[in-house]
Structure formats: structure tokens, C-alpha cells
Amino acid sequence: MRAQIIDKLEAGRLRHGPFASAPGSGPCGLFYVQGPCGCELKIIGLRRPRWEHVSVSTSRRCPNWEEMCFVKDLFWDEEECVMQLHPPHSEYVNNSRYCLHLWRPTDQEIPTPPPAFVGIVGLGPSEAAILAAQMQSLR
């Protein structure tokens with residue numbers, strides 16, 4: 001996690017009440033930030049033994065991919081890898097209907113698959129849509 005958080009996140013820090021944190025206390029605390037898709041995001045940042053954790057929620061729906069990427073970049077450098085997890089069903093904890101989580105272990109690197117396993121490296125969404133349309137026409 002960033003040692004110094006960006007101004008946009010600091011401005012959204014809850015400073016009064018039971019979940020308040022002091023200005024300048026880094027990435028741990030409760031924050032309310034306007035997201036990139038028009039929803040206010042409720043964000044909780046925590047450091048736990050061996051883990052960094054951020055939860056993200058809205059009042060009416062689960063955060064979307066763009067919002068999760070936005071929050072990831074608020075808390076971590078763009079080259080740091082963080083993850084969302086789908087734990088075994090027996091380990092589910094669901095205290096909020098519209099909340100998703102970002103996790104980063106602090107004592108090991110997160111393994112990632114080769115980028116080519118995800119898609120065609122260097123091909124943007126527009127080019128991928130054209131390629132998909134061409135493939136569909138071959139059916």
C-alpha cells in the first residue's frame with residue numbers, strides 16, 4: 001500500500017465518529033470518494049498481519065470493474081498486483097450485499113498467469129471487437 005495516500009482519498013477520510021481516523025494517517029481508515037461511474041464509494045483500508053485489505057461498496061449495487069480499478073490505484077502503485085478472491089463456500093463472509101474486496105499479501109508475491117493466457121497482448125478493446133466479429137462471421 002502507498003505510504004502517502006493521494007489527496008482525493010485523504011479528502012474523503014471520515015474524521016469524526018467511531019470509525020474516524022486522523023488526517024495523514026495513511027491508507028488505513030474509512031473513506032467516502034466519488035467514483036468514476038457516478039456512485040459514491042465507501043472504502044475501508046486496513047493493514048492486518050501479513051495482509052493489506054481494502055473493501056469497496058456502494059449503497060445500491062456491487063462496485064464494477066472500473067470502480068475497483070480506480071480504488072486499486074488509490075491505494076497501490078499501478079505495478080503492484082492485488083487480487084479479489086473467491087474463497088471456498090464454507091469460508092464466505094457476507095456482511096454487506098454490495099461490497100467487494102481487494103487483497104495483497106505482504107510476505108509473498110502473488111502468482112499471475114502469463115498475459116497471453118488472458119488474451120491477445122497488445123490488442124485493445126476496439127481491435128478485439130473487430131476480431132470477434134470476424135470470427136463470428138466464419139461460423
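**Entry 1: salt bridges**

I began with the rule: a salt bridge is a side-chain nitrogen of Lys or Arg within 4 Å of a carboxyl oxygen of Asp or Glu. I kept in mind that this is a predicted model. Side chains of opposite charge can pair when their charged atoms come close. By the rule above, I get a count of seven salt bridges.

I looked up Arg104 and Glu52, whose side chains meet in a salt bridge with an N to O distance of 2.9 Å. Arg104 sits in strand β4 and Glu52 in strand β3 (residues 51-57), so this pair ties together parts that are 52 residues apart in sequence. I checked the burial of both partners: Arg104 is buried, and so is Glu52.

For Arg104 I read a relative accessible area of 19%, so the residue falls under the 20% limit for buried. Glu80 counts as partly exposed because its relative accessibility is 23%.

Next I turned to Lys72 and Asp73, whose side chains meet at 3.9 Å, N to O. Lys72 is buried at 11% relative accessibility, while Asp73 is partly exposed at 38%. I also noted a network of salt bridges that links Glu10, Arg13 and Arg15.

**Entry 2: helix α2**

Which residues of α2 are buried? My list reads Glu67, Met68, Val71, Lys72, Leu74 and Phe75. They lie on the same side of α2, because they cover an arc of only 160 degrees around the axis. I then asked what covers them, and the cover includes α1 (7-11), β1 (29-34), β2 (40-48), β3 and β4.

I picked out Glu67, which is found in helix α2 (residues 65-75). Is Glu67 buried or exposed? Its relative accessible area is 0%, so I put Glu67 down as buried. Leaving aside residues up to four places away in sequence, I find Glu67 touching Pro36, Cys37, Cys39, Leu41, Arg61 and Cys62.

Leu74 is also found in helix α2, and its 3% relative accessibility makes it buried. With the neighbours up to four places away in sequence left out, Leu74 touches Arg2, Ile6, Leu9, Val33 and Ile43. I took one C-alpha to C-alpha distance here: Leu74 and Ala22 are 52 residues apart in sequence and 18 Å apart in space.

**Entry 3: the start of the chain**

I moved on to Met1, which has its place in the segment before α1. Met1 is buried, with a relative accessible area of 12%. Which residues does Met1 touch, not counting those up to four places away in sequence? I wrote down Pro27, Leu46, Arg47, Glu52, His53, Val54, Phe75, Trp76, Glu80 and Arg104. Met1 and His53 are 52 residues apart in sequence, and I find their C-alpha atoms 9.1 Å apart in space.

**Entry 4: cysteines**

A disulfide is a covalent bond between the sulfur atoms of two cysteines. How many disulfides does the structure hold? I count zero.

I wanted to see why, and started with Cys39. Its closest cysteine sulfur is in Cys37 at 7.6 Å, too far for a bond when the limit is 2.5 Å. Cys39 is buried, at 17% relative accessible area. For Cys69, the closest cysteine sulfur is again in Cys37, and the 10 Å between them is too far for a bond. Cys69 is partly exposed, with a relative accessible area of 29%.

**Entry 5: a nonpolar patch**

Last, I looked at the surface. Ile120, Leu123, Leu131 and Met135 form a nonpolar patch there, and together they have about 340 Å² of accessible area. I located Ile120 in the loop between β4 (99-105) and α3 (125-137). At 53% relative accessibility, Ile120 passes the 50% limit, so I note it as exposed.

Notes:
Residues are numbered from 1 along each chain as its sequence is written. This is a predicted model: local features need pLDDT of at least 70, side-chain atom pairs count only at pLDDT 80 or more; totals for chains, interfaces and linings use all residues. Side-chain values use heavy atoms; hydrogens and water are left out. Patches are made of residues with over 30% relative accessible area and no salt bridge: like charges are joined within 9 Å, nonpolar side chains (Val, Leu, Ile, Met, Phe, Trp, Tyr) within 5 Å. Accessible areas come from the Shrake-Rupley method with a 1.4 Å probe; for residues, only the protein chains shown count as cover. Helices (H or I, at least four residues) and strands (E, at least two) are DSSP runs, numbered from the N terminus. Buried means under 20% relative accessible area, exposed over 50%, partly exposed in between (1.4 Å probe, protein chains only). Contact means heavy atoms within 4.5 Å. The arc is that of the directions from the helix axis to the C-beta atoms.
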